[in-house]
Amino acid sequence: MSPAVGNQPAVIGNQAEGTPPRHHIVTAHVENKAGVLARVASLFSRRGFNIFSLAVAPTDDDRFSRITIVVDVESAPLEQIVNQLDKLVNVVRITELAPDEAVECEMLLVTVEAGPAGRDRVLAHVEAFGATVVDEGDEGDEGAGGAGGAGGAGGAGGAGGAGGARTGLMTVMLAGTPSSIDEFENLVRPFGIAELQRTGRVALPKLGPGAARGRDAAPLHSVTGGIQGEAG
Amino acid sequence: MRLTGAQALIKSLEMQHVEVIFGLPGGAILPVYDPILDSSIRHVLVRHEQGAGHMAEGYAHVTGRPGVAMVTSGPGATNIVTPLADAMMDSIPMVVITGQVPTTAIGTDAFQECPITGVTMDITKHNWLVTDAQDLPRVVAEAFHVATTGRPGPVLVDVPKDVSNALMDWYWPAGIDELDLPGYKPQTEGDPEQIRKAAELMLGAARPVIYAGGGILKARAAEALRELAERTGFPVVTTLMARGSFPDRHPLCLGMPGMHGNYTAVTAMQKADLLIALGSRFDDRVTGKISAFAPDAKIIHVDVDPAELGKVRRPDVAIAGDARVVIEELLRALESLGLGPVGGPSVSGDRSVRGDRSVRAGSVAPGSPAEGRPDLAPWMAQLRAWQEEFPLTYAQEEGGALKPQLVVEALRDATPHDTIVVAGVGQHQMWASQYWKFDNPYTWVNSGGAGTMGFAVPAAIGAKVGRPDKMVWAIDGDGCFQMTAQELVTASAERIPVKVAILNNAYLGMVRQWQELFYEERYSEVYLSPDLPDYVKWAEAMGCVGLKVESAEEVAPAIEKANGIDDRPVVIDFRTDAFEKVYPMVPAGASNSDIIVGPSGGEGGR
């Protein structure tokens, strides 16, 4: 198993109650041009800002992509991270999301060494979390490939029964909040994890008043206003 | 009109009113060099691409216009990486055009291929790899716009050979609306709320200091700064990058702060109750140990780059905006609080007031908030006392080794007051900054943030190209000179009559100074020899006049002779005292309160 994958989300997930969150979510709308991801990554590296996770994908407007970065605000003040990011010419708009202002989602793919003995208990966890068994190594089972994601947890589990018995392995997909994914990961870990991949989180502002603070690259006095507020 | 990409590129530079390109051709940039023959743009053929970059910087320093350099792919491009990093640190507007291998060859490790946009990603304000000739005019317009607006900086445009050869339909973007820069909107005007808070803080200050940085010069704000200082009666320190932005002879000028700043400038900041940072960035060479810097001061920080606000020291009032625009807004805010224009004859910086140390601030409207402002007289009296007690000093002994400071003073006194002075990096740079009297903006050119040895000779050439009407003196070290002296061949060939004073102490002097003070005089790899190379012969071989000066008596006649030569470059090899050190000095990592004022080791702090 990879400690990097296992540990990093755990740091986030195990935040003690009442302490200020160590991570913050920054989403950047960037121009969909060659090298933009490298510019963002290079900026974080050059300035010593730590990244917990980074996810990037096109938006509904194909001129722009959205980069969701979970940053470590202990490595640098959030304003400094945002202001430096804002200087990149290809960054069009930045939204800062505090963890309690965001709807967060992440996806997990995990291959569990369930074996014949553990299989039913793993399937019980799969069902309880609304996860999906997407592969049990049975090449003849059409439901186990890419289409598996569409099926419910119970259905996929049933269809793959014979295959799972053969290999003793099953690959499960779960999409959900980072904390539910942490929880699921911890529950299946005792069975043995052959491989595990998480996507890193994506986030959108919570609906309701006063949640998101999006801004264009332009109104920078709001940044200085922020400094003022904390300086007093 | 159908043009090749190369023709469109040169035409685009003409549309940007570029008057000179510093460059050196090669395979991948060959197509672009052909239309230069038909262009009105002057091309200065350098001997090394680093020279092209520093010339473009020197040109930009003194003219305020972006310097342009053009080089080929691969090693041509990597040779200009140092000037790009230098310009990034000092916010110098510069546009570098690089050739690139054809788009079809990119990624194949082709001959002279280098991924220069990747290499320079972090040391340019922005860069572009052009993949379609049709984009060239727009990208050139974008490059100049980005380089010159907001916080200025270097940009790079990488042009593959097949793109320069391809045909395109000529156009020129009508305005910035036709540029494709959706994420680039620099802010120039300050937030009115913060401006008002800043004005109120200023009227409450008893020990204020204006901390003027290079942003004053970039924003063409020297006049505005002077009005702000005179109306408030606030003293001004000018950082290494801001020398000349406020006249050294002005009674309110305290000179340079920092690691080798004068005692009064350093200590004024330490004891201040308000620092007004205008286009300065709390560089470590200014602040010393940051936790001990200006402990009692509230901070007003004005910078066009919002990322500088709070990066090092958290300001009490942070204003993102152009220095000139914000100073003008501050003046209006101060006036609305009752602080009027300077009453009576204004405090003038011309030489007639040299001995007059009195300061007359702005008139105050009765009953206004300005009426209750603290009396600045005790603070000014304290500053004067420090200036009296701790002046810059050196001692030229009769018949002793020539002191480098004496050379700087002799140059200063023998040249026109608007002479442009260019320095490399090290002891000679500090002595030049300390002992020259800068009375005019854009007369001081040096490598501040990056500390690039070898900057002076090519930067002086670029400065002379930009301001051929002015005398240009490079004050250089022997170590620096050896790094880029070959550009004097360029200067001779192009008839660019710069003058170079080498303060030849036969050492990498600043490193030697640190080894003497902090490494128990264990001198490791710092000796250079005064005679190898023979600087006079070397200068003559490069088409310059070469002179050698070994004693104090020979200094003035040699300078006079050099000043009379205007048809070719002149190099004077001044043999100076190898043991002279730069003082005052704040040791690295120490508090500015622990400033060492002289070789006796006496600390000026109290």
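A residue counts as buried when its relative accessible area is under 20%. In this predicted model, Thr576(B) has a relative accessible area of 10%, so Thr576(B) is buried. Thr576(B) sits in the segment that follows strand 22 (570-575) of chain B. Leaving aside residues up to four places away in sequence, Thr576(B) touches Leu402(B), Pro404(B) and Val407(B), together with Leu503(B), Asn504(B) and Asn505(B).

Helix 5 (residues 81-89) of chain B also contributes buried residues. These are Val81(B), Pro83(B), Leu84(B), Asp86(B) and Ala87(B). An α-helix has 3.6 residues a turn, so residues three or four places apart point the same way. The cover over the buried residues of helix 5 of chain B comes from helices and strands of chain B. Among them are helix 3 (49-63), helix 4 (75-78) and helix 6 (116-119). Strand 5 (94-100) and strand 7 (154-160) are included as well. Just after helix 5 of chain B, Ser91(B) adopts a positive phi of about 55°.

Over all chains, 17 aromatic pairs were counted. One of them joins Tyr263(B) and Phe390(B). Tyr263(B) belongs to helix 12 (residues 263-271) of chain B, whereas Phe390(B) lies in the loop between helix 15 (377-389) and helix 16 (404-414) of chain B. The pair therefore ties together parts that are 127 residues apart in sequence. Both partners are buried: Tyr263(B) has a relative accessible area of 1%, and Phe390(B) has one of 16%. Tyr263(B) and Phe390(B) form one aromatic cluster with Trp379(B) and Trp386(B).

Across the whole structure, the search returned 3 cavities of 30 Å³ or more. The largest cavity holds about 70 Å³ of space. Tyr263(B) and Phe390(B) are both part of its lining. The lining of the largest cavity also includes Asn262(B), Pro391(B), Leu392(B) and Thr393(B). Tyr583(B), Pro584(B) and Val597(B) complete the lining. By type, the lining residues of the largest cavity comprise 7 nonpolar and 2 polar, with no charged residue.

Charged groups meet aromatic rings elsewhere in chain B. The charged end of Lys11(B) is placed over the ring of Trp170(B), at 5.4 Å from the ring's centre. Arg512(B) lies over the face of Tyr507(B), with 5.2 Å to the ring centre.

Methods: Residues are numbered from 1 along each chain as its sequence is written. Chains are lettered from A and ligands numbered from 1 in the order in which they are written. This is a predicted model: local features need pLDDT of at least 70, side-chain atom pairs count only at pLDDT 80 or more; totals for chains, interfaces and linings use all residues. Side-chain values use heavy atoms; hydrogens and water are left out. Rings of Phe, Tyr and Trp (its six-membered ring) pair if their centres lie within 6.5 Å; planes under 30 degrees apart count as stacked, over 60 as edge-to-face and the rest as tilted. Helices (H or I, at least four residues) and strands (E, at least two) are DSSP runs, numbered from the N terminus. Buried means under 20% relative accessible area, exposed over 50%, partly exposed in between (1.4 Å probe, protein chains only). A charge sits over a ring if NZ of Lys or CZ of Arg is within 6 Å of the ring centre and within 35 degrees of the ring normal. On a 1 Å grid over the protein atoms alone, a cavity is a set of points where a 1.4 Å probe fits but cannot get out, and a pocket is an open set with protein on both sides within 12 Å along at least five of seven lines; lining residues have an atom within 4 Å of a point. Grid points are joined across faces, edges and corners, and a volume is the space filled by probe spheres set on the points. Ala, Val, Leu, Ile, Met, Phe, Trp, Tyr, Cys and Pro count as nonpolar, Asp, Glu, Lys and Arg as charged, and the others, Gly among them, as polar. Contact means heavy atoms within 4.5 Å.
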